[in-house]
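Me: I have a protein model to study. Could you take me through it step by step?

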Amino acid sequence: MAEEEGPTVELRQRKKLKSSENKESVKEEKISDTPIPERAPKHVLFQRFAKIFIGCLAAVTSGMMYALYLSAYHERKFWFSNRQELEREITFQGDSAIYYSFYKDMLKAPSFERGVYELTHNNKTVSLKTINAVQQMSLYPELIASVLYQATGSNEIIEPVYFYIGIVFGLQGIYVTALFVTSWLMSGTWLAGMLTVAWFIINRVDTTRIEYSIPLRENWALPYFACQIAALTGYLKSNLNTYGERFCYLLMSASTYTFMMMWEYSHYLLFLQAISLFLLDSFSLEQSDKVHEVYKIYIFSLFLGYLLQFENSALLVSPLLSLVVALILAKCLQLNVKKGTCIAKIMKVINFYLVCTLTVTLNIIMKMFVPHKENGHMLKFLEVKFGLNMTKNFTMNWLLCQESLQAPSQDFFLRLTQSSLLPFYILVLIICFLSMMQVIFRRIKGKSLKETITLEDGRIGGRPEIIYHVIHTILLGSLAMVIEGLKYLWTPYVCMLAAFGVCSPELWVTLFKWLRLRTVHPVLLALILSMAVPTIIGLSLWKEFFPRLMTELMELQEFYDPDTVELMTWIKRQAPVAAVFAGSPQLMGVIKLCTGWMVTSLPLYNDDDLLKRNENIYQIYSKRSAEDIYKILTSYKANYLIVEDAICNEVGTMRGCRVKDLLDIANGHVVCEEGDKLTYSKYGRFCHEVKINYSPYVNYFTRVYWNRSYFVYKINTVISFQS
């Protein structure tokens, strides 16, 4: 009996094993079915190595040459090495002056810890206000630069200003290298990277603001974002090996977190990227696991950034966190349904609706329970920008008048067309988009598609990294069409996508498959065009634009502003150390940098209190009484007032956008509905009247210095009224 029972028990155990290991057996069958690739011959391996080596060398060389070009151009533009320290510092204008001034403060601090403490508890910059400058102004680049400057012993070799701008120029070189690599990964040829760099430099007026303002946060942050996109492009590729995936994942994690630390608006840009990945996940089923790994990177970076940015609540209430949490929750609730069935299509629609609803709901809940400073002025600006609201508020109208916040001009599109960038970008985008839609509709209909896409297939829209880039560039382009300042986020990727397309044989094959060419083999013609077209473009760009670049480097320009130099010199020599200066925010930034004196306002637009201060100080150019201006200035403990002739006598190119016009509208001195008709005001414009030196102006203000551009008045503490 015992012998008979043995086999039955063994059979039951086998049945259990079969049911529990069903998934593993399927995987084993797939692995056994896939053919094991044969080892490539030595000459093929050598060709691959040579191709990679030359491409890497070209990428690094392009980045280094661009950094050297920026350095040489900056030297020629400002004649930097032949100027004194004060004249060099004046070249930093507006908010750039504020960032560099804190870098100087860190170098002057007795220790790094003491310097950080003084910045996080700063009460020596803005009067009657203690600010955490590191958190409010994202000063992590300045902290890192000051540490590197002192730790490397560079203080004995190079001046602080050269070290600072050298780091920024070096990051721009990394930026260009990352764009090179991204285009190379997408097209398979480093020729696309060379064309990307050429277009980027030729169109640098529209690709970067490094020439106008070196310390801008975007100049520190966008190179890391470009590295993140390069790593993400490699990570999404279907034919990447395990080691390549790990490297791309680690690089993507590090660059995402660094990007988030460098720029306060970085999470909005990552939000657009997350939307692109969500749509990619909806359209492409193969890379779902990889996309969700990227979501984990977002969450890790957000919470680590929240902790290291002094519990920055803006990251907790950001739409990025709400979207990623919604996507992960939707993934957990998603049912395993057979692909291609009607139920699977319905589940896709339900999942899409669920993600959108959860995102909005979570964001509302987070804002209800997490204390945060809402950027109310940004929301109001968008309402007025899109015509949803009307306002006479000075700050809102001033922002609307800024060129960077208006729609792109025709000159922008004309410049991109003259360099042949825009026509090729539109061509590449149309082909990739139509191919992507073709693949999506085939999947919706349930048609089976090959997992590995070959060149002969002519299906470039089926590659996950291409789908992601098409969606991402459309989102960025849509924003750039509304606000010109966002073109600096979009145009670099226009260069990259256009260069990838013209150098990709797969794109040309896709086009020829649609045209149904029969006279010439599509693959052969595509290979020829993918080499010939970029070569012709490169030669034409070299002939037309290279002489211009060389001319720019040969011309010795000069930044000449003697009036500002004289003003700063007078302040350092004559004004008391404890003095507080009032004036336009842009000038106050320069005063803080060049003299270190306390000011009443700063050229920063992310703080409601500072925005209100700016509006109140700007009243010196309005039609208000001397007593009103005196009360405003003394409420901020100001000792000196600086009136700028350029603002007082401004002749703006746009009607109604001069500072004094905006102030008149805000104060009710102009009736907008009746054109430029002035309402009754018994006071003249303050900046004009105070120069005449008559009562009651001389009772409140005493002129102590003036030149062609600036008039400095001491605010009297004891008021004596003259008859």
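This is a predicted model: local features need pLDDT of at least 70, side-chain atom pairs count only at pLDDT 80 or more; totals for chains, interfaces and linings use all residues.

Me: How many disulfides does a search of the whole structure find?

Reply: The search finds 2 disulfides, a disulfide being a pair of cysteine sulfur atoms within 2.5 Å. One joins Cys401 to Cys657, with an S to S distance of 2.0 Å. With -75° about the S-S bond, this link of Cys401 and Cys657 is left-handed.

Me: And which residues form the other one?

Reply: Cys648 and Cys687 form a disulfide, with sulfur atoms 2.1 Å apart. The torsion about their S-S bond is about 80°, so this disulfide is right-handed. Cys648 lies in helix H31 and Cys687 in helix H33 (residues 686–689), so the pair ties together parts 39 residues apart in sequence. Helices here are DSSP runs of H or I with at least four residues, and strands are runs of E with at least two, numbered from the N terminus.

Me: Are Cys648 and Cys687 buried or exposed?

Reply: Both Cys648 and Cys687 are buried. Buried means under 20% relative accessible area, exposed over 50%, and partly exposed in between, with a 1.4 Å probe and protein chains only. Cys332 counts as exposed because its relative accessibility is 61%.

Me: New topic: how many aromatic pairs are there?

Reply: The whole structure holds 37 aromatic pairs. Rings of Phe, Tyr and Trp (its six-membered ring) pair if their centres lie within 6.5 Å; planes under 30 degrees apart count as stacked, over 60 as edge-to-face and the rest as tilted. Tyr630 and Tyr700 form a tilted pair, 4.9 Å centre to centre with 45° between the planes. Tyr630 is in helix H30 (residues 626–635) and Tyr700 in helix H34 (residues 697–700), 70 residues apart.

Me: Finally, in what order do the strands of the sheet run?

Reply: The 5 strands form an open sheet in the order E2-E1-E3-E5-E4, with mixed pairing. Two strands pair if DSSP finds at least two bridges between them. The edge strands, E2 (598–599) and E4 (701–706), each pair on one side only. Strand E1 (residues 580–582) pairs with E2 in the parallel sense over 2 bridges, and Phe581 stands opposite Val599 in E2.

Terms used:
Residues are numbered from 1 along each chain as its sequence is written. Side-chain values use heavy atoms; hydrogens and water are left out.
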